[in-house]
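Subject: Structure handover

Hello,

Here is the structure you asked to look at. My notes on it follow below.

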Amino acid sequence: MALSVRVRFEVFKRDLFTCRYCGKHSPEVILEIDHVVPCCDGGTDDLMNLVTACWDCNRGKAGVPLSDVISPKLST
């Protein structure tokens, strides 16, 4: 089921309209909502599982778990 406009806006506000992966923000990029734990792996629509992502980052991550996307160099 699609996320409501209200939930999407709450996530965007919480994340300051900034992609949580690359740091780009609106209006320079198109922002979307991403599931940290992908729905295909049982992730839910709970606000704690939703983050703001730009179109490029969201497509790059796709259904891959976040832990597989972030390299060890970036997490230190």
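I start with Glu10, which counts as partly exposed because its relative accessibility is 33%. Here buried means under 20% relative accessible area, exposed means over 50%, and partly exposed is in between (1.4 Å probe, protein chains only).

Before going on, note that this is a predicted model, in which local features need pLDDT of at least 70 and side-chain atom pairs count only at pLDDT 80 or more, while totals for chains, interfaces and linings use all residues. Residues are numbered from 1 along each chain as its sequence is written, and side-chain values use heavy atoms, with hydrogens and water left out.

Salt bridges

Glu10 forms a salt bridge with Lys13, with the closest N and O atoms 3.4 Å apart. A salt bridge is a side-chain nitrogen of Lys or Arg within 4 Å of a carboxyl oxygen of Asp or Glu. Both residues lie in helix H1, three residues apart, which is about one turn of the helix. Helices (H or I, at least four residues) and strands (E, at least two) are DSSP runs, numbered from the N terminus. Lys13 is also partly exposed, at 39%.

How many salt bridges does a search of the whole structure find? The search finds four. Another of them joins Glu32 and Arg59, at 2.6 Å from N to O. This pair links distant parts of the chain, since Glu32 is in strand S1 and Arg59 is in helix H2 (residues 55–61), 27 residues apart. Glu32 is buried, with a relative accessible area of 14%, whereas Arg59 is partly exposed at 44%. Salt bridges with shared partners also join Arg14, Asp15 and Arg20 into one network. Within it, the closest N and O atoms of Arg14 and Asp15 are 3.0 Å apart. Asp15 is buried at 6%, and Arg14 is partly exposed at 38%.

The nonpolar core

The largest nonpolar core has ten residues, including Leu3, Phe12, Val29 and Ala53. Such a core is a set of buried Ala, Val, Leu, Ile, Met, Phe, Trp, Tyr and Cys residues joined through side-chain atoms within 4.5 Å. Helix H1 (5–14), strand S1 (31–35) and strand S2 (50–54) each give two or more residues to this core, and S2 gives the most, with three. In soluble globular proteins, nonpolar side chains tend to be buried together.

Val11 belongs to this core. Not counting residues up to four places away in sequence, Val11 touches Ile33, Leu47, Leu50, Val51 and Thr52; contact means heavy atoms within 4.5 Å.

Two loop residues

Asn49 is in the loop between S1 and S2. Asn49 counts as buried because its relative accessibility is 9%. A polar atom of the Asn49 side chain lies 2.8 Å from the backbone oxygen of Thr44.

Tyr21 is in the loop between H1 and S1 and is partly exposed at 27%. The side chains of Tyr21 and Asp34 are joined by a polar contact of 2.4 Å. A polar contact is a pair of N or O atoms within 3.5 Å; within protein, one must be able to donate a hydrogen and the other to accept it, and residues adjacent in sequence count only if both atoms are side-chain atoms.

Cysteines

The whole structure was searched for disulfides (pairs of cysteine sulfur atoms within 2.5 Å), and zero were found. For Cys39, the nearest cysteine sulfur is that of Cys40, 7.6 Å away.

Regards
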